[in-house]
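Open the model in a viewer and keep the selection panel at hand. The stops below follow one another.

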Amino acid sequence: MAMQETDLRADGGSRGAAAGTPPTPDRILQLGWGFWGSKALLSAVELGVFTELATAPLDAEELRVRLGLHPRGARDFFDALVALGMLERTDGRYRNTSDAGRFLDRARPSYLGGLFEMANAGLYPAWGNLTDALRTGQPQTPQAGGSFFAALYADPVRLRRFLLGMTGASLSAAGPIVRTFPWDRYRTFLDVGTAQGCLPVELARAHPHLRGSGLDVPAVRPIFEEYVAAFGLSERLRFQAADFFEDPLPAADVLVMGQILQDWDLERNRLLLAKAYAALPEGGALIIYEPMIDDERRENAFGLLMSLNLQVVLPGGFSATGAEIRGWLRDAGFRDTTLQPLVGAGSMVVWSMVVGVK
C-alpha cells in the first residue's frame, strides 16, 4: 500500500507556514502517522532491544536471533530505530545511542522503560478506542468491580509493571524536587501513593538527614520494600499501608503527592487536600507534582493529551491547570503556594510542581 512519505522524527515540522509560504501537509502527515514511530519504540522496549545491545554492538542477524524475531521485518525494524535516533549503526553493527543506553537498558537504575512497558501493554490498546471514549465518556480499559485500580491490584504481574512504569514517570521529576526544595529545613516526609518508592529513594540518597515513608495500598508493600532494599535504605524508609480516602494521612513535615490528583474527580481531589492540611504541622509543606495544563489551555499539548489519556483509562481522572490546583489549595487552607516548572524527559514533557505551605 503506497503512502506519501513523511518525516516521523520528533523534531520535524513547524506550527505553521511562514508568511508568504504556501502551506504544506507535512506537519499534518507527521502527526497523523506519529503512532508508527511510537509503536516501534514501544515494541523495541518490550523486546529488550536496548538491553541486548547494552553490553556490545551486534549485527542484524545476531540481534535478530537473540530477540527471536522473524527474518522478514527485523532489518527494517532495526534501521527504523536508527532513523528515529534510538540506535546507531556502524559497519553493519548496531549499538545504543547514549540516551537510549542510559534510559532503556533494564539493568540500569535510570531505566525509564517501565513507563513504556505500561504504555505498550495497556495505554496503546486503550487509545485505539479514543473515539468511543469521547462519545461515551467511559474509560476503555478493563475495570474489575467498576475500578481500574481494583483490577490492577488483583493482578500481581500487571501491578508490578504499573509500579515500574510509575518509577519511570517519576524519575524525571524527582531530580529537580530533590535539588530545588529546601529539604534542610525539614526532617521527615511522607510520599502519598508512593508506588515503587522512587521519590523516597532519591530523597534519602541525596539528603542523609531525612527519614521518610511511602504510603500505598497493602499490595504494594513487597514491591516497595524490595526496591528500597536494593538501595540499602530500609533503615530510613518504611512503608505505610493505607487507603488515603478512608484513612487519615500520617503526620510528617512534608507531604508529597506525585501524579495523584490527576487520577480522581474534583470532589476527591478536594478531600485529599483537606486530609493533607489536617496532617501537616504548622510550617509544614505539601508538594504536588504532575503534568499540568497551561492556564490558557493552548500551549502544553502534553498536558492536554495526558488529560485525554486519563479519561481513556479512568472514570474520573483529568489534568488541571496550575491556577486551578493553586485555587484548590487556597480553599483547603494553605496560605502560601508557588508554581515551579520541572524539566521532564526531553523537551516534550514539562512537569509542574505546586508547593503549598501551611
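Select Val 157 to begin: at 61% relative accessibility this residue counts as exposed, where exposed means over 50% relative accessible area, buried under 20% and partly exposed in between, with a 1.4 Å probe and protein chains only. This is a predicted model, in which local features need pLDDT of at least 70 and side-chain atom pairs count only at pLDDT 80 or more, while totals for chains, interfaces and linings use all residues. Residues are numbered from 1 along each chain as its sequence is written, and side-chain values use heavy atoms, with hydrogens and water left out.

Val 157 is found in helix H10; helices (H or I, at least four residues) and strands (E, at least two) are DSSP runs numbered from the N terminus.

Next, show H10 (residues 156–180) with helix H7 (residues 113–127). Their axes come within 6 Å and cross at roughly 130°; axes are lines fitted to C-alpha atoms, for helices over the stretch in contact, and angles run from 0 to 180 degrees between N-to-C directions. H7 and H10 are therefore oblique to each other, the class left after roughly parallel (under 35 degrees), roughly antiparallel (over 145) and roughly perpendicular (65 to 115). H7 passes H10 in a left-handed crossing, meaning that the near helix is turned anticlockwise from the far one by less than a right angle; clockwise is right-handed. The contact (heavy atoms within 4.5 Å) involves residues of H7 including Gly 114, Met 118 and Ala 121, and residues of H10 including Phe 162, Gly 165 and Ala 169.

Now move to helix H13 (residues 266–279). Its 14 residues reach 20 Å from first C-alpha to last, close to the 20 Å expected at 1.5 Å a residue, the expected span being 1.5 Å times one less than the number of residues.

Which residues of H13 are buried? Colour Asn 269, Leu 272, Leu 273, Lys 275, Ala 276 and Ala 279. They cover an arc of only 155° around the axis, which puts them on the same side of H13; the arc is that of the directions from the helix axis to the C-beta atoms. The face turned away from this buried side carries the exposed Glu 267 and Ala 278.

Show what the buried residues of H13 pack against: strand S7 (254–258), strand S8 (285–291) and helix H15 (322–332). The axes of H13 and H15 come within 9 Å and cross at roughly 50°, and the two helices are therefore oblique to each other. H13 passes H15 in a right-handed crossing.
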